[in-house]
Amino acid sequence: MRKILLVCMSFLVFLSIGGVGVSASDVQTKGEVIFSDTKKHWASEKIDTAVEKGYVAGYPNGTFRPDAEVSRAEFMKMVVSALNYEVGPAQTGSPWYAAYAEAASKEGLYLSTDFTNWTAHMTRNEMARMSVRAIGQSAEEETKWMYLAALAGLISGVDKAGTLAEDRAMTRAQAVTIIERILNLRNGGTEKVDKYALGNAEILWHKTNIFTVMPEYFEQAMPDEDRKTDFNYKNMKSTTRSKSASCEVTKIVAIDLTDKNDPNRKLLSKDHRWFVDFRNYYDFEDVNGYALVSVSEITFNGKGHSDDYYTCFVRVSDQKLVTSDNALQDYKNPQLIYQIASLNNMSGVERPENAVNGKAIHIKGYLFPKPAPHVVSETYMFYIGQGIHTDVIERLYISRIKE
């Protein structure tokens with residue numbers, strides 16, 4: 001009876017830490033890693049490798065539970081164990097993970113400002129932060145961790161569109177996959193980058209994906225007097241002089257029109273066209289180019305003139321390439337930069353005559369040729385337009401075509 005009781009107690013302790021604190025040899029012998037629930041799982045190879053290395057284990061009933069959520073403590077212990085960090089002895093009365101948390105803090109994987117509840121599930125964003133630190137990188141902006149993780153190939157999207165699901169709880173399978181990537185990168189290897197996830201992560205970071213999708217245009221920044229060359233994404237709001245309407249550019253999105261699977265093509269409605277002048281419009285089918293569009297949210301704060309239009313969007317200022325000239329020889333291979341707008345609101349969003357309050361979404365932008373023209377001296381100034389009824393302009397970024 002006593003033996004049965006001890007076995008049951010051991011099993012309960014094992015379950016309480018999700019199979020993390022028991023060595024692989026307690027469940028499977030090295031070289032004989034077989035789980036009943038991982039044979040056809042997408043992470044089966046990574047799981048087998050992780051168990052053989054000994055930083056994670058399966059359950060006594062022969063399962064691994066790859067899709068079960070993993071807690072912050074469990075993921076942290078896996079990382080600390082996989083990296084062979086020195087862990088002090090367990091202290092009586094302390095949680096089972098306390099010594100590992102102390103090691104993680106000592107090695108810079110964890111800061112006290114990250115979180116305090118170790119038993120809560122680990123989100124994908126929290127995983128990105130700890131994983132990026134594990135490969136020796138850091139970020140000052142909280143929104144940048146996912147971008148750095150995607151750029152390094154640590155994370156991929158949860159679907160073909162590169163959806164980040166940054167607030168979703170991560171699973172045991174995802175945990176060992178990320179840790180194996182950490183180990184590979186620390187050993188000088190490389191990881192495949194999910195370009196859609198990277199673009200989404202860049203938007204999450206600073207409200208645009210221009211450096212991911214259009215590096216030949218935007219990667220080579222130009223200094224602007226004493227201001228840093230970073231994209232100035234924190235100043236994308238404006239208000240009309242009468243204060244009757246305000247506008248915020250919520251994101252500036254680059255779309256590769258030659259990529260039929262680009263997840264941001266959905267931003268271009270059936271009414272959007274690119275145009276040479278106000279008489280010649282073209283759709284986006286088979287165009288060798290990029291669409292750069294700003295997604296704006298306009299808020300009507302009070303009654304204005306019934307014929308007023310309200311808009312705010314990214315404006316591209318250039319002396320040679322931005323044009324409204326109708327001298328277009330090949331609409332499938334444009335050589336200049338042209339405007340993009342919806343046929344329903346070319347100038348902006350019109351306030352209905354009787355409307356006082358409310359919101360509207362406005363999507364407008366530019367068509368850029370692909371590949372970029374062979375002009376290395378051009379300078380592109382990107383502004384946030386402040387609406388038709390005001391002359392206040394905020395400069396966001398300056399770049400030139402990459403040499």
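User: Which residues does Thr-143 touch, not counting residues up to four places away in sequence?

Analyst: The model is a predicted one. With sequence neighbours up to four places away set aside, Thr-143 touches Leu-204 and Trp-205. Thr-143 itself sits in the loop between helix 5 and helix 6. The C-alpha atoms of Thr-143 and Ala-201 are 8.5 Å apart, although 58 residues separate the two along the chain.

User: Does Thr-143 count as buried or partly exposed, and why?

Analyst: Thr-143 counts as partly exposed because its relative accessibility is 33%, and the buried class ends under 20%.

User: How many helices and strands are there in the protein chain, and what percentage of its residues is buried?

Analyst: The protein chain holds 10 helices and 12 strands. Of its 403 residues, 51% are buried. Where contacts join residues at least 6 apart in sequence, 73% of them link residues at least 24 apart.

User: At what angle do helix 5 and helix 6 pack?

Analyst: Helix 5 (residues 124-134) packs on helix 6 (residues 145-152) at an angle of about 65°, and their axes lie 8 Å apart. This crossing is left-handed. On the helix 5 side the contact involves Arg-124, Asn-125, Ala-128, Arg-129, Val-132 and Arg-133, which meet Trp-145, Met-146, Leu-148 and Ala-149 of helix 6. By class, the residues of this contact are six nonpolar, one polar and three charged.

User: Why is helix 6 described as largely enclosed by the rest of the structure?

Analyst: Helix 6 is largely enclosed because seven of its eight residues are buried. The buried residues are Trp-145, Met-146, Tyr-147, Leu-148, Ala-149, Ala-150 and Ala-152. They pack against helix 5, helix 7, helix 8 and helix 9 (210-213). Just after helix 6, Gly-153 adopts a positive phi of about 85°.

User: How should I read a nonpolar core, and which residues have the most contacts inside the largest one?

Analyst: In soluble globular proteins, nonpolar side chains tend to be buried together. Here the largest nonpolar core has 57 residues, and Tyr-55, Phe-75, Met-76 and Ile-155 have the most contacts inside it. At least two residues of this core come from each of helix 2 (44-53), helix 3 (72-82), helix 4 (98-106), helix 5, helix 6, helix 7 (172-186) and helix 8 (195-206). Helix 7 gives the largest share, eight residues. A second, separate core has 29 residues, among them Val-249, Ala-254, Tyr-290 and Phe-300.

User: What does Ile-155 touch, not counting residues up to four places away in sequence?

Analyst: Beyond those sequence neighbours, Ile-155 touches Met-127, Met-146, Ala-149, Ala-150, Leu-164, Ile-178 and Arg-181. Of these, Met-146 and Ala-149 also belong to the contact of helix 6 with helix 5.

User: Where does Phe-64 lie, and is it buried or exposed?

Analyst: Phe-64 lies in the loop between helix 2 and helix 3. At 0% relative accessibility, Phe-64 counts as buried. Its contacts outside four places in sequence include Phe-35, Thr-38, Ile-47, Val-51, Tyr-59, Arg-172 and Val-176. Between Phe-64 and Thr-38, 26 residues apart in sequence, the C-alpha to C-alpha separation is 7.1 Å.

User: How should I read a sheet, and in what order do the seven strands of the open sheet run?

Analyst: In a regular strand the side chains alternate between the two faces of the sheet. In this model, seven strands form an open sheet with antiparallel pairing, in the order 1-2-5-10-8-3-4. Strand 1 (237-239) and strand 4 (281-282) are the edge strands, each pairing on one side only.

User: How many bridges join strand 2 to strand 5, and strand 3 to strand 8?

Analyst: Strand 2 (residues 245-256) and strand 5 (residues 289-300) are joined by 11 bridges. Within this pair, Lys-251 has Val-295 as its bridge partner. Four bridges join strand 3 (residues 272-275) to strand 8, with Trp-274 opposite Ile-340. Strand 3 also pairs with strand 4, over two bridges, and there Phe-275 stands opposite Tyr-281.

User: Which residues does Ser-342 touch, leaving out those up to four places away in sequence?

Analyst: Ser-342, which is found in strand 8 (residues 338-342), touches Asp-271 and His-272. With a relative accessibility of 8%, Ser-342 counts as buried.

Notes. Residues numbered from 1 in each chain as written. Predicted model: local features only at pLDDT ≥ 70, side-chain atom pairs only at ≥ 80, totals over all residues. Heavy atoms only, no water. Pairing = 2+ DSSP bridges. Axes fitted to C-alpha atoms, helices over the stretch in contact; angles between N-to-C directions. Left-handed = near helix turned anticlockwise from the far one by under 90°. Contact = heavy atoms within 4.5 Å. Nonpolar A, V, L, I, M, F, W, Y, C, P; charged D, E, K, R; others polar. Core = buried A, V, L, I, M, F, W, Y, C linked by side-chain atoms within 4.5 Å. Buried < 20%, exposed > 50% of the residue type's maximum accessible area, 1.4 Å probe, protein only.
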